[in-house]
Amino acid sequence: MNSQYVRREVFCRNTCNELKRFWEKEIGKQTYYRESEEHRLGRSALRRLREEWRQRLETKLRLRNNPDETEKQANVG
């Protein structure tokens, strides 16, 4: 049998606990970074600006598709 396919039993005590603690810390860091990024994006003005631009574009498209409304608004105003 090829030596790379031989199953070796590995008994670890301190090493396993150290690896577990290491990965738990890494997962904790990633969770913290993700949550802080979500919080930062929540405070960002980008969402508000996108909504304003969306409303402007909708208005322009509506006016382009219905030019009669612009003439009525100009005559009224």
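Predicted model: local features only at pLDDT ≥ 70, side-chain atom pairs only at ≥ 80, totals over all residues.

W23 is exposed, since its relative accessible area is 51% and the exposed class covers values over 50%.

**Around W23**

- W23 belongs to a nonpolar surface patch that also contains L19, F22 and I27, and these residues together have about 450 Å² of accessible area.
- F22, another member of this patch, is partly exposed, with a relative accessible area of 40%.
- I27, which lies in helix 1, the helix spanning residues 14-43, is exposed because its relative accessible area of 54% is over the 50% cut-off.

**Aromatic rings**

- The protein has a count of two aromatic pairs. In the pair made by F22 and W23, the ring centres are 4.9 Å apart and the planes stand at 75 degrees, so this pair is edge-to-face, given that angles over 60 degrees are classed that way.
- Elsewhere, R56 is placed over the face of W53, at a distance of 4.9 Å from the ring centre.

**The protein as a whole**

- The protein contains three helices and zero strands, which gives the pattern α-α-α when the sequence is read along its length.
- Of the 77 residues in the protein, buried residues account for 0%.
- The protein exposes about 8,100 Å², and 52% of this area is supplied by carbon and sulfur atoms.

Note on methods:
Residues numbered from 1 in each chain as written. Heavy atoms only, no water. Helix = DSSP H or I, 4+ residues; strand = E, 2+ residues; numbered from the N terminus. Buried < 20%, exposed > 50% of the residue type's maximum accessible area, 1.4 Å probe, protein only. Areas by Shrake-Rupley, 256 points an atom, 1.4 Å probe, with all protein chains shown as cover. Patch = residues over 30% accessible without salt bridge, like charges linked within 9 Å, V, L, I, M, F, W, Y side chains within 5 Å. Salt bridge = Lys/Arg side-chain N within 4 Å of Asp/Glu carboxyl O. Phe/Tyr/Trp six-rings, centres within 6.5 Å; stacked < 30°, edge-to-face > 60°. Lys NZ or Arg CZ within 6 Å of the ring centre and 35° of its normal.
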